Structures are given as structure tokens and as C-alpha cells.
Amino acid sequence: MTVTMIKERLYGKTLNELIAVARRVKLPGFAARQIADWLYKKEISEIDEMTNLSKQMRSLLSGEYEVGLSAPLNESASSDGTKKYLFKVLSDKYIETAYIPDDDRATICVSTQAGCKMGCIFCMTGRQGFQGNLSSNEILNQLRSLPEFRKLTNMVFMGMGEPLDNLAELLKSLEILTSEWGYAWSPTRITVSTVGLKSAISEFLEKSRCHLAVSLHSPFDEERRKLMPIQRTNSVKEVLDIIRNFDFNGQRRVSFEYILFKGMNDSPAHIKELARILNGIKCRINIIRFHRIPGSEFFSPDMEETIRFKEALNAKGILTTIRASRGEDIQAACGLLSTLEQNRNNQG
Ligand code: SF4
């Protein structure tokens, strides 16, 4: 019987973690920076490609470690250029990653968890329940193994899962993305979206310089509680207080995501209350027309209603934009593809 040793993955490790790896396998201290360079700047996929490490050093490293990249299992392409990729994670779970080209921008939307605990009732991923946190390897592999990797200009953490519910791995990923020894991306190219976890928002704001997006969807306590159970323990008021008291200096931005549901959260009373609760916060609202999921009690507003809502908010002095709905023909609503794949595997 042959026993296969499971090797630890180097890709997704921070410089400090690589220093610990070098120490562990008795490589000289400078090797950690060289390894980081190969992983994040020179885009290798095998340890043997790290040619400025001696053969003996590579062999020591390969004894316990591998680079640890994994290609997407499949892809679907929309007529508008959006692509959706399915990755296998946590040995038997599935997550989705979207590639969204738009003029001179090319954005990747990554997942941070398989499934999600937050249970927002309009979301397909929420229906899957929580299946596990992704490691920084699995988060960043979505970027590195994307066929369009070299075209990317922006990254949003708006895929499956609640990023701030996986804070440690999120912060590691952001460190690798923005450090000079890593990908050296400007933090202003990265946006992290959250339902609003109070304690984690404060830590995220302190420890990273990336943009923040908060999912709002209703300014009214009772209504938001029905849409998003998180409102029971982390009210929007508390989240807004944290944001109000934080110094968003320089280019750092805070925005609010607002999924517009027909006849539900699109009234003049909503506009008035939004203006009231956001008063004094320099922000923008991104309106997203609801993307209907199977069996949903909600409906999508038409474009005219959406534009009216946007203009009314602009008239109140809140910078508001409508996020174009992309990839509607490829089930781009987050969680649909992975649910299908999980069901197929469970049956099969
Ligand atoms: S909307 Fe986001 S936070 Fe809410 S259930 Fe879906 S994935 Fe989780």
C-alpha cells in the first residue's frame, strides 16, 4: 500500500509565514523573500521552477510543501463577456468566481466561504447554509488560476460567503495582494463587502486600507431584519456609528449596496429614511436590481423604476449609481452554479 503525504501549500502564505517555512526546512533566511517573489511576482506553479534556490534547497522544500494552485473545474460565459468559474475547495465543496470585464476595467468577484451563515433571504448562497471557511490559498487561487488573471484591474470580495466572518484569512489575502513583496496592488483597487459585522468591521478598517461596501437593502430596522437576520444582533445604526467615527481619509471609500426589490424597498419613505440615516457620511449608494432566484417571493423592478429611485436619492444629495446587471444568461446570481454542482454530486 502506498501512502500519499499531503503537502502544505505555499501559495497564500504571507512573508512572515514563508520565513517560518524557511526556518522549518532549514533554508537560509533570505530564501523566504525569494519564494514570495516566485509565488506572487513570477507566477510559477511548481517548486522546481524556483531556479534561484539551489537544487538541494528545492528538494528540502518539496519534501513538505507544494505551490498549491488549482484550476477551475468549469466555466460559463455570458453574451455580455461576464464569465463564471466553478472551483472545488475544502476537498468536496464548490464555490464560484466571476470575471466581469467593463471597458478598461476587468473585475474579479471572489468568494471567501463555501456557503454562508448569514441567511439573507434573497440569496441562493444563504440557502446552502455554511459549509466552511476558505483559506487564503483558496481565496487567492481564484485570482491566480483565473485564465484572465493578467487582465485584472480590480477585485471585489462580493462572492459566496461573508468576508468578515472569515476575517483572519481575508486579512492575510489582503496583505498578500497589497504588500510590496506580494502582488503590490493599490488597496484602492480592492473592495470588501459585508452585511455589517460590528467587531470585524472595526478590525478590518484598522488593519487594511481597502474600500468598504456595506449591504444595506433597507433603512428600516424591521424590514431589514426580515431580509437579513444579521440585523438582529448587528443593527445598521451600530454599523453606521462605527463608520461615522472612522477617519476615511485619502482615497478610501465607503459605499452601501442596495438591492432594489419591486414594490418592497423602493418607496419615497425609503428614500427619505436613507437620506436621514446616511446624513453626515461621505458615501455612495450602489443600486442593484434584484436578480430573481428560483422560488423567491421578490421581484425585479423595471429599469424606469430603478432610475427614478436613483434620481430621487441623487436629488437628496447622495451620490447614487446603478450597478449594471451582468451575466444574467449564465446564472450569475451568486450561489446558483455551486448549488447545482453540489446537488449533482450528492445525487451521484
Ligand atoms: S448575501 Fe452574502 S452574506 Fe447574505 S447569505 Fe448571501 S452570501 Fe451570505
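Which residue in S14 is the bridge partner of Ile287? The bridge partner is Ile322, and it belongs to the parallel pairing of strand S13 (residues 284-289) with strand S14 (residues 319-323), which is made over five bridges; two strands count as paired if DSSP finds at least two bridges between them. Between S13 and S14 the chain passes through helix H11 (residues 303-315), a β-α-β crossover that is right-handed, meaning that, with the strands pointing away from the viewer, the path from the first strand over the helix to the second runs clockwise. Helices (H or I, at least four residues) and strands (E, at least two) are DSSP runs, numbered from the N terminus.

This is a predicted model, in which local features need pLDDT of at least 70 and side-chain atom pairs count only at pLDDT 80 or more, while totals for chains, interfaces and linings use all residues. Residues are numbered from 1 along each chain as its sequence is written.

S13 also pairs with strand S12 (residues 254-260), in the parallel sense and through six bridges, and here Ser255 stands opposite Arg284. The chain reaches S13 from S12 by way of helix H10 (residues 268-277), again in a right-handed β-α-β crossover.

Elsewhere, strand S9 (residues 154-157) runs parallel to strand S6 (residues 105-109), with three bridges between them, and Cys109 has Val156 as its bridge partner in S9. Three bridges also join S9 to the parallel strand S10 (residues 190-194), where Ile190 is the partner of Met155. Together with helix H6 (residues 167-178), S9 and S10 make a right-handed β-α-β unit.

Methods: A residue is buried if 20 or more other C-beta atoms lie within 10 Å of its own, exposed if 12 or fewer, and partly exposed in between; C-beta atoms are placed from the backbone.
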